[in-house]
Amino acid sequence: MQTYRLAIIGFGNVGQGFTQILRDEGAELAQQYGARFQIVAVSDLLKGSVHDPKGIDPAALLDSIAATGTLRVDRLAAPDRREAWTALETIERSQADIVIELSYTDLKTGEPAITHLRRALELGKHVVTTNKGPIALKYPELKALAEKHNVEIGAEGTVMSGTPSLRMAQELLSAARIRKVQGIVNGTTNYILTQMEAGATYADALKDAQAKGYAEADPTGDVEGFDAAGKVVIMANLLMGQSLTLADVDRQGITQLTPADIAEAKAVGERWKLIGRVETIGDKISASVKPTRLPIAHPLASVGGATNAITFSTDLLGDVTLVGPGAGRIETGYAIVGDLLAIHRKLDK
Ligand code: HSE
C-alpha cells in the first residue's frame, strides 16, 4: 500500500467535496488501487488552518466546517497543534507529497495560486489543481518547472470538472490530431439559460447556480464568458500545442441576452447556448466564446442545466463528443481523485 500525504490549499466547495469523497470512499480507493490518500494539512484564507503529520480525519474536517464554518483545531485530531500556517507555510512545512491547490480562480493575475504552485513544484511536490487561473495563464512555465523537478501537474478539474475531458483528449485523442474543439464549457451559464427557457428570471437562476456551487466566487467570470474563455485557452494549449492567452479569445457572455431573445429562439425551435470554440485552419488559430442559437436537433442543444459537452474534431476519428458534469462540489472533487490516481499509476510502475 502506497500512502500519499496531501496538503489542501483553499477549503471551499471543491475542497470540501473532495474531502467528502475521501471520507466516504477512501477505504475503497485504498483497497481497489493500493493508494491511501492522507490529508496532513489544510489552509484556508478565511476558515483557518490545521495540520497534523499523522493525518487528519476527513470527517472531522467536514464536521468542523458544518458546526462552525471554520477549521477549528480543537475539533480536529490535533489538539496540541495550535499554530496556524499560511498557505505558503503549509506548502513548505507540512511534508506533503502532493499539494492540492484550490484557492479562488483569478483569471487576471492567476494569483495567489501561481505562487503556491511554483513553490510546491520547486520543493519537488506533485500538484493537483482545479484552479483555472494558473493553468490558463502559466501552464508552459509550470510544466517546465514540474519536469525539472520530476513531478506531475494534475489539472483535470479545470475543464468539465470531474468529467475526464483533458485526460481523454491528451491520452487517447491526441494521436488522432485534434483540429477543433467546441462545446458548452461553463455550467453556470448553461444552467441560467436552461432555467430562463423554463420561465425563471436571470437573477433567480443565477442565485440558484451560486447556491448549488456552480458559479465562481465572482460570477462575473461566468456570465461574461471569462471562465469559458479560460477553458478554451487551456484546451488550446494543453491539447493542441498552442500558446494562446485570454486576449486571443473573441469573447462575449450571456448578459445581453434578454428573456425576449430566449422566447424568440424557442418559438422557432432553437435554443441559445454559450459556445466555446478553438480551431486550427492551416497554420492559423481562431478561438471564441459566444452565445449561439442552435436548432433543437443539434447535439449540443439538448445539453441542459450545469451539464457540459465538448466535441473534439479530429483528423483520424472525426468527431468525438463527451457529455458530463461541468461544475459542482462532488463533481469537481472527483477531478482531484482522478488526478491523484493518475499520479499513483505513474509512480507505481
Ligand atoms: N464556474 C464554473 C462553471 C465552475 O460554472 O462552469 C466550473 O469550472
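Notes on the model

1. Glutamate 122, setting aside neighbours within four places in sequence, is in contact with Leu145 and His149. The model is a predicted one. Glutamate 122 belongs to helix H4, which covers residues 113-122. The side chain of glutamate 122 also makes a polar contact, at 3.0 Å, with the side chain of arginine 119. With a relative accessibility of 38%, glutamate 122 falls between the 20% and 50% cut-offs, so it counts as partly exposed. Between glutamate 122 and isoleucine 8 the C-alpha to C-alpha distance is 17 Å, with 114 residues separating them in sequence.

2. Proline 112 is in the loop between strand S4 (98-101) and H4.

3. The ligand sits in the largest pocket.

4. A ligand oxygen is 2.8 Å from a side-chain N or O atom of lysine 132. For asparagine 186, a side-chain N or O atom is 3.4 Å from an oxygen of the ligand. Tyrosine 214 takes part through its backbone, where a polar atom is 2.7 Å from a ligand nitrogen. On its own the ligand has 250 Å² of accessible area, and the protein covers 93% of that.

5. Is threonine 19 buried or exposed? Its relative accessible area is 0%, which is under the 20% limit, so threonine 19 is buried. Threonine 19 is placed in helix H1 (residues 13-33). Apart from neighbours within four places in sequence, its contacts are Ile8, Phe11, Ile39, Pro58, Leu61 and Leu62.

6. Aspartate 24 is also in helix H1. With a relative accessible area of 46%, aspartate 24 is partly exposed. Its side chain makes a polar contact of 2.8 Å with the side chain of arginine 23. Aspartate 24 and proline 58 are 34 residues apart in sequence, and their C-alpha atoms are 9.1 Å apart.

7. Helix H2 (residues 58-68) has Pro58, Ala60, Leu61, Leu62, Ser64 and Ile65 buried. What do the buried residues of H2 pack against? They pack against H1, strand S2 (35-44) and strand S3 (48-51). At the start of H2, the backbone nitrogen of alanine 59 has a side-chain oxygen of aspartate 57 within 3.2 Å. Just after H2, glycine 69 has a positive phi of about 75 degrees.

8. Positive phi also occurs at asparagine 150, which is not a glycine, with a value of about 60 degrees. Asparagine 150 is in the loop between helix H5 (132-148) and strand S6 (153-154). Its relative accessible area of 68% is over the 50% cut-off, so asparagine 150 is exposed.

9. Arginine 177, again a residue other than glycine, has a positive phi near 60 degrees. The loop holding arginine 177 runs between helix H6 (165-173) and strand S7 (178-184). Arginine 177 counts as partly exposed, at 41% relative accessibility.

Definitions and conventions:
Residues are numbered from 1 along each chain as its sequence is written. This is a predicted model: local features need pLDDT of at least 70, side-chain atom pairs count only at pLDDT 80 or more; totals for chains, interfaces and linings use all residues. Side-chain values use heavy atoms; hydrogens and water are left out. Helices (H or I, at least four residues) and strands (E, at least two) are DSSP runs, numbered from the N terminus. Buried means under 20% relative accessible area, exposed over 50%, partly exposed in between (1.4 Å probe, protein chains only). Contact means heavy atoms within 4.5 Å. A polar contact is a pair of N or O atoms within 3.5 Å; within protein, one must be able to donate a hydrogen and the other to accept it, and residues adjacent in sequence count only if both atoms are side-chain atoms. Accessible areas come from the Shrake-Rupley method with a 1.4 Å probe; for residues, only the protein chains shown count as cover. On a 1 Å grid over the protein atoms alone, a cavity is a set of points where a 1.4 Å probe fits but cannot get out, and a pocket is an open set with protein on both sides within 12 Å along at least five of seven lines; lining residues have an atom within 4 Å of a point. A molecule sits in a cavity or pocket if more than half of its atoms lie within 2 Å of its grid points.
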